[in-house]
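The sequence and structure come first.

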Amino acid sequence: MDIFMEYVRAFVVGGLFCAVGQVLIDLTKLTPARILVAYVVAGTVLGAIGWYQPLVDFAGAGATVPLTGFGNLLAQGIRKAVDKDGFLGIFTGGFTACAAGVTAAIIFGLIVALIFKRTDRTRQE
Amino acid sequence: MNISKQEYEQVAKKHAGSSKMYITIPKAFLIGGFICCIGEFFMNLYQYIGNDNEKSAAFTSITLVLISALLTGFGLYERIAKHGGAGTLVPITGFANAVVSPALEFKTEGYVLGTGAKMFVIAGPVIVYGIAAAFVYGIIYWIMGLFS
């Protein structure tokens with residue numbers, strides 16, 4: 001039962017993040033790029049003031065998978081790096097924290113571009 | 001055809017299909033929630049095989065990015081995104097799709113200025129402003145550390 005509730009929390013919180021994004025798209029005509037930028041910056045700010053981590057503890061992947069979680073990761077990475085390296089940490093923390101996700105996207109993107117051919121010409125947005 | 005901008009907008013709106021919010025928002029909620037549940041599954045899996053929270057989260061991100069990259073390669077992510085809207089955009093899979101899709105699409109313009117450059121059309125701004133926000137926080141956090 002515990003594990004079931006864990007998935008429910010992830011589903012609801014993650015779903016809500018996406019629903020908010022959809023409201024923004026439908027009402028404000030914000031482009032996908034702007035939505036993603038807004039989410040990352042919002043996540044960084046929420047992570048910086050310490051409001052995001054309780055949500056991660058509550059919803060797990062429901063909070064870490066949306067791009068706000070990416071922003072929270074940046075804030076955490078900065079904090080950890082500054083604690084460890086002082087001033088230099090301001091410059092190293094961000095990229096260190098997001099290295100796994102960004103590297104994965106670049107490498108897999110490159111591999112897919114090498115292997116696949118675009119068959120469906122219809123583009124998203 | 002000679003039509004004004006307003007007329008065009010009306011026509012475009014009529015043919016936009018399921019842009020009604022009582023359809024798009026629940027769809028985004030369901031599909032986005034489902035993607036997060038997949039994330040939760042991998043998170044549990046990686047923890048189960050003995051990784052700490054931080055490593056499990058990183059492996060989960062990598063896994064979701066990989067899945068999204070493959071689906072994008074097969075042209076399936078776009079199909080899901082047609083229904084998912086923000087539900088497929090906001091999760092990290094949407095970020096991955098935003099990298100992989102132009103990388104593949106602009107292959108015709110070469111591997112350097114096509115694939116290499118265009119993969120950051122959306123990811124670039126995300127990284128720039130994410131890093132910038134984190135940098136500002138870093139300065140504040142560092143200064144606060146000086147006085148504590």
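What percentage of the 148 residues of chain B count as buried? In this predicted model, 45% of the residues of chain B are in the buried class.

**Chain B**
- Chain B contains eight helices and zero strands.
- Read from the N terminus, its elements follow the order α-α-α-α-α-α-α-α.
- Among contacts in chain B with a separation of 6 or more, 59% come from residues 24 or more positions apart.

**Contact between chains A and B**
- Chain A contributes 66 residues to the contact, and chain B contributes 64 residues.
- On the side of chain A that touches chain B, the elements giving two or more residues are H1 (2–28), H2, H4 (61–64), H5 (67–85) and H6 (89–115) of chain A.
- H6(A) gives the most to this side, with 17 residues.
- By class, this side of chain A has 43 nonpolar, 17 polar and six charged residues.

**Helix pair H2(A) and H8(B)**
- The axes of H2 (residues 32–48) of chain A and H8 (residues 120–146) of chain B come within 9 Å and cross at roughly 20 degrees.
- Angles under 35 degrees count as roughly parallel, and H2(A) and H8(B) are therefore roughly parallel to each other.
- The crossing of H2(A) and H8(B) is right-handed.
- Residues making this contact include Leu36(A), Val37(A), Val40(A), Val41(A) and Thr44(A) of H2(A), and Val126(B), Tyr129(B), Gly130(B) and Ala133(B) of H8(B).
- The contact of H2(A) with H8(B) has 15 nonpolar and two polar residues, with no charged residues.

Key:
Residues are numbered from 1 along each chain as its sequence is written. Chains are lettered from A and ligands numbered from 1 in the order in which they are written. This is a predicted model: local features need pLDDT of at least 70, side-chain atom pairs count only at pLDDT 80 or more; totals for chains, interfaces and linings use all residues. Axes are lines fitted to C-alpha atoms, for helices over the stretch in contact, and angles run from 0 to 180 degrees between N-to-C directions. Helices (H or I, at least four residues) and strands (E, at least two) are DSSP runs, numbered from the N terminus. Angles under 35 degrees count as roughly parallel, over 145 as roughly antiparallel, 65 to 115 as roughly perpendicular and the rest as oblique. A crossing is left-handed if the near helix is turned anticlockwise from the far one by less than a right angle, and right-handed if clockwise. Two residues are in contact if their C-beta atoms, placed from the backbone, lie within 7 Å. Ala, Val, Leu, Ile, Met, Phe, Trp, Tyr, Cys and Pro count as nonpolar, Asp, Glu, Lys and Arg as charged, and the others, Gly among them, as polar. A residue is buried if 20 or more other C-beta atoms lie within 10 Å of its own, exposed if 12 or fewer, and partly exposed in between; C-beta atoms are placed from the backbone.
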